[in-house]
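Here are my notes for you, written as numbered points. Keep the model open while you read and find each spot as we get to it.

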Amino acid sequence: MNSKEKPTLGGTRIKTRKRNIAVPLDTATFADAVVQIYNEHKGDLELIAKDVDSSELDFSRYGETFFEVVFTGEPNQPGTTKPEEGERHPYSVLNCDDTRESILPVVLFLQKIIRRRPFMIKTLENVMKRLLQSLKLSGLPPETIFSALMSDALIAKGIVLYFVTDVFKVYLVENSLDDLVSLLKRAKMDDRLLDLFPMQKRSIEAFAEHFDEYNTKKVFDVKLKELLTTMTDQIAEDVNVNDVVEMVKQRRKEAMLPDVDVVRTIWDAIMDAVQWSGKNQQQNSNLALRQVKQWGKLLGAFCTTARLEMDLMYNIQIHCYEDAKLMKLFPDIIRALYNQDVLAEDTILKWFKKGTNPKSRQTFVKGLEPFVKWLEEAEEED
């Protein structure tokens with residue numbers, strides 16, 4: 001018989017896996033705490049922001065409740081804009097006057113809160129979506145929630161058009177029309193503005209009357225995009241340069257396109273038509289420079305004033321700054337265009353001494369320095 005004692009379980013501690021116990025949400029307590037801060041400071045947003053930052057409020061769990069209290073003065077029932085029972089304050093966004101002076105402090109307050117808690121951006125968007133879909137709000141939402149306006153009932157009543165018009169007017173106080181166009185493009189709304197009109201007013205004529213300035217810019221953008229596509233194809237197919245010049249002149253005349261936009265579009269088309277060669281930097285440089293030399297005549301046909309020449313230089317500078325393949329090619333491009341009489345000596349010297357575009361300017365100035373020195377020496381000899 002085996003004299004060894006049999007093992008026993010006596011005194012052995014059996015470990016069991018801990019279960020994740022979900023802590024129930026206590027939105028009412030959180031909302032009351034925020035309301036209390038608002039009431040204590042009587043709506044002073046600077047003091048409220050300081051108290052909020054120094055508090056131990058759990059924004060990761062109750063972010064939506066926080067924004068509901070900011071906008072409506074009280075928490076809402078889950079998934080709705082109906083008020084929940086509990087404390088409220090009278091300093092909500094909905095109680096503000098519908099003026100820029102009243103709304104701007106709220107915007108700055110929200111920026112301050114979100115700057116330290118970027119995870120709350122999505123939460124803010126979700127809350128504003130619900131509000132925009134159920135309330136007649138006036139203000140400037142993030143571009144990502146414009147789609148929430150596409151409600152047939154609100155569009156039919158003209159509420160959406162009224163709201164969007166106010167948004168555009170306020171936005172254009174401190175921003176350009178180009179900035180507004182970019183905003184709409186990011187929101188994928190640039191081609192859907194007509195859908196914001198009530199059905200009986202949904203026509204190009206009504207749109208043109210309502211958004212006359214924006215519509216003009218939009219028409220130009222569409223025509224320039226078409227011109228860019230056509231030119232890029234023709235350059236890639238090596239169509240005779242004189243034929244391309246005539247085509248551009250005709251398009252410019254028909255659409256009354258601004259000369260400065262035409263010149264920029266020509267440059268973009270010339271670069272877009274280059275057949276880049278992977279990561280071979282030297283080959284890419286050769287291809288780009290060959291393209292500029294071959295199609296410089298096209299630029300020269302429309303770059304007919306000192307102002308247009310300067311704008312072209314700025315455009316080339318930005319292009320080279322944004323495209324690593326062209327960064328070191330800037331001086332060669334400028335020299336090539338000078339040799340083809342596209343850029344005048346005075347324009348190059350003015351850009352070199354007083355150019356205002358800051359994008360890596362010192363790098364480009366240093367690269368162009370030998371050529372400028374040659375120009376100045378040639379001028380002295382003359």
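**Notes on the helices and loops**

1. Let's start with one side chain: F71 is buried, with a relative accessible area of 6%. You'll find F71 in helix α3. This is a predicted model, by the way, so treat everything below as a reading of a prediction. Leaving aside residues up to four places away in sequence, F71 touches S92, V93, L94, L110, L124, M128 and L131. Also look at F71 and V127: they are 56 residues apart in sequence, and their C-alpha atoms are 9.2 Å apart in space.

2. Stay in α3, which covers residues 59-72, and find E68. Is E68 buried or exposed? With a relative accessible area of 6%, E68 falls under the 20% cut-off, so it counts as buried. What does E68 touch, once residues up to four places away in sequence are set aside? The list is G73, E74, P75, N76, V127 and R130.

3. Now zoom out to the whole chain. How many helices and strands are there? The chain has 17 helices and zero strands. Of its 382 residues, 41% are buried. The chain exposes about 23,500 Å², and carbon and sulfur atoms supply 50% of that area. If you take the contacts with a separation of 6 or more, 63% of them are between residues 24 or more positions apart.

4. Next, a pair of helices to look at side by side. Helix α2 is residues 45-54 and helix α4 is residues 100-115; their axes come within 10 Å and cross at roughly 15 degrees. An angle under 35 degrees counts as roughly parallel, and α2 and α4 are therefore roughly parallel to each other. The crossing of α2 past α4 is right-handed. Which residues meet there? From α2 come L45, I48, A49, V52 and D53, and from α4 come P105, V106, F109, K112 and I113. Sorted by class, that contact has eight nonpolar residues, no polar ones and two charged ones. While you're tracing these helices, here is a handy rule: an α-helix has 3.6 residues a turn, so residues three or four places apart point the same way.

5. Then try another pair. The axes of α12 (residues 259-272) and α13 (residues 281-300) come within 9 Å, crossing at roughly 150 degrees. That crossing is right-handed too. On the α12 side you'll see V263, I266, W267, I270 and M271; they meet A288, Q291, V292, W295, L298 and L299 of α13. By class, the residues of this contact divide into ten nonpolar, one polar and no charged.

6. Have a look at α15, residues 330-339. Seven of its ten residues are buried, so α15 is largely enclosed by the rest of the structure. Which ones are they? F330, P331, I333, I334, A336, L337 and Y338 are the buried residues of α15.

7. Step just past the end of α15 and you reach D341, in the loop between α15 and α16 (345-354). D341 has a positive phi of about 65 degrees, although it is not a glycine. Why point that out? Most residues other than glycine have a negative phi. With a relative accessibility of 69%, D341 counts as exposed.

8. Is K42 buried or exposed? K42 has a relative accessible area of 64%, over the 50% cut-off, so it is exposed.

9. Last stop: K157, in the loop between α6 (152-156) and α7 (159-174). K157 is exposed, with a relative accessible area of 65%. How far is its C-alpha atom from that of F197? The two C-alpha atoms are separated by 9.4 Å, while K157 and F197 sit 40 residues apart along the chain.

How values were computed. Residues are numbered from 1 along each chain as its sequence is written. This is a predicted model: local features need pLDDT of at least 70, side-chain atom pairs count only at pLDDT 80 or more; totals for chains, interfaces and linings use all residues. Side-chain values use heavy atoms; hydrogens and water are left out. Axes are lines fitted to C-alpha atoms, for helices over the stretch in contact, and angles run from 0 to 180 degrees between N-to-C directions. Helices (H or I, at least four residues) and strands (E, at least two) are DSSP runs, numbered from the N terminus. Angles under 35 degrees count as roughly parallel, over 145 as roughly antiparallel, 65 to 115 as roughly perpendicular and the rest as oblique. A crossing is left-handed if the near helix is turned anticlockwise from the far one by less than a right angle, and right-handed if clockwise. Contact means heavy atoms within 4.5 Å. Ala, Val, Leu, Ile, Met, Phe, Trp, Tyr, Cys and Pro count as nonpolar, Asp, Glu, Lys and Arg as charged, and the others, Gly among them, as polar. Buried means under 20% relative accessible area, exposed over 50%, partly exposed in between (1.4 Å probe, protein chains only). Accessible areas come from the Shrake-Rupley method with a 1.4 Å probe; for residues, only the protein chains shown count as cover.
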